[in-house]
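Colleague: I have just opened this one and would like a short tour. Could you start with the pocket, and then move on to the sheet?

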Amino acid sequence: MSSSLSTGTISSPGVGSGLNINSIVSQLLQADFGPQQTQLTNQQNGLNAQLSAFGTINSDVSSIGSALSTLSSLTPSYNASSTNPALVGVSSDGTATPGSYNVSVTALAQAQSLASTTYSSPTSTIGTGTLTFQFGSYNSSTTPPTFTANSGTNPTSITIDSSNNTLQGLATAINQANFGVSATVVNNGSGYQLALTSATGSSNELNITSSSSSLNAFTYTGSNSTTALSQTVAAQDAQFSINGIAATSQTNTVTNAVSGVSLTLAGLTNGAPVAVTVGPNTSAATQAVQSFVNAYNGFAQDVSKYASYDSKTKTAGILLGDPTVRNLVNLFQNGVVQNISGAPANYQNLMALGITANANGTLSLNTSTLNSALTSNYTGVVSALQTIGNQLGTTVNSMTGANGIITARTNTINQQLTNIQTQFNQLSTQMQQEQASLMQEYTAMDTIVANLKNTSSYLSAQLGSLPSASSSSSSSSSGG
């Protein structure tokens, strides 16, 4: 029996020796590089947590900046109010000046309404031709009444032909022309009438002429006629007085009687004037200050979350002791207590306007104190709020701008993260090189062991093929 000795390398590490070479190499690599990997991972996690925390704080500071921008853009504005909005509504565009006005309404503006004679159906056929409409006013003291056109308007012509020569067709044509006259067909119980309504005011009475006698039933020249349109409601101006000064208006919305104030006349006052008051718009200023306080408190709460120590859980915030955070807090705290340049004597800082600091780092606003200041010196306080908005806005820019301290801090963290990634890459390269070296050594050892095993097997096989000692002795005795 013969056997050949197999030599060379083996493709599966450990086959020759029976050892788990992959596991051995992995454990050796872990022993050599594991602590470094853990250290870098912990550093990376910590820096990412800091980056996230600063992202939140940067957002908080940006919110403060938005609130300060609102403060800096405040301007004195005035609201108008009415003691009886159901009769006299009121609004202000903010440019009005403070004042009180008694408004009496003796007549409301109304539009002229005209009606045709009765027809049997909305589809009753009418004549054809052109109807021309003109706004203006009539002098009824003459016979016939004299019409004076409204110089602010132009005549409008409506063509009636076979496509629309019905009562309803005429109404539709007028409405589609969209020139300020509305038309509808009304069922009066015994038939149908065309009803026209003009714009309000005495200068918007209608003069309607026809190019064809077949349309004379739809003309109007200032007097009622049994064969033409008749007036059902007369045009009328609004008549009112402000602090006893009589005035009129073509419409029930009066925009030019009191500067910056719009009056909506909705009913007659019947001898009981409605009081209209124009006063400071303190709510806008109060809301702007409250928004700043709310934004600041969001910042203070997040700083407390990230930069404090919880004695109950014995846990330190990710930014505890961070100099950038301390700098941010100091900048804001100094800004809140700083004097406001050019502010009135009694309101030279935010504390005088009702803002106080709490023990936990947040702020509180006493709206009563602020409203008292606004009532006492409205324009002065608004000016002070504008100034503090600009002053603290500069502080915010020093934090979040391109060269701001938050920006610089986050840039530093990002650079540290980049450096750590570089170290990870270098460590990975070293591990790969070490792994290759160890695998080479253990594979060589594995090959040697495999060869030794083969040699042992070969020798054992050769020895097994030799005659045994007892057999040789027996043969010798027989021969003698």
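Modeller: Before the pocket itself, a word on the term: on a 1 Å grid over the protein atoms alone, a pocket is an open set of points with protein on both sides within 12 Å along at least five of seven lines. Please also keep in mind that this is a predicted model.

Colleague: Okay, what volume does the largest pocket have?

Modeller: The volume of the largest pocket comes to about 220 Å³. Its lining is made up of 18 residues, and those closest to the centre are A300, V303, S304, A307 and V329.

Colleague: And which elements give two or more residues to that lining?

Modeller: Those elements are α3, which covers 282-306, and α4, which covers 323-337; the largest share, 5 residues, comes from α3.

Colleague: How does the lining split by class?

Modeller: In the lining of the largest pocket there are 10 nonpolar residues, along with 6 polar and 2 charged ones.

Colleague: Switching to the sheet, what is the strand order?

Modeller: The sheet is open and has 5 strands, which follow the order β1-β16-β3-β12-β13 with antiparallel pairing. At its edges lie β1 (78-82) and β13 (245-249), each of which pairs on one side only, and from one strand to the next the twist averages 25 degrees.

Colleague: Over how many bridges do β3 and β16 pair?

Modeller: Strand β3, residues 99-107, pairs with strand β16, residues 274-280, over 5 bridges in the antiparallel sense.

Colleague: Which residue in β16 is the bridge partner of V103?

Modeller: That partner is V274.

Terms used: Residues numbered from 1 in each chain as written. Predicted model: local features only at pLDDT ≥ 70, side-chain atom pairs only at ≥ 80, totals over all residues. Heavy atoms only, no water. 1 Å grid on protein atoms, 1.4 Å probe; cavity = no way out; pocket = protein on both sides within 12 Å on 5 of 7 lines; lining within 4 Å. Points joined across faces, edges and corners; volume = space filled by probe spheres on them. Helix = DSSP H or I, 4+ residues; strand = E, 2+ residues; numbered from the N terminus. Nonpolar A, V, L, I, M, F, W, Y, C, P; charged D, E, K, R; others polar. Pairing = 2+ DSSP bridges. Axes fitted to C-alpha atoms, helices over the stretch in contact; angles between N-to-C directions.
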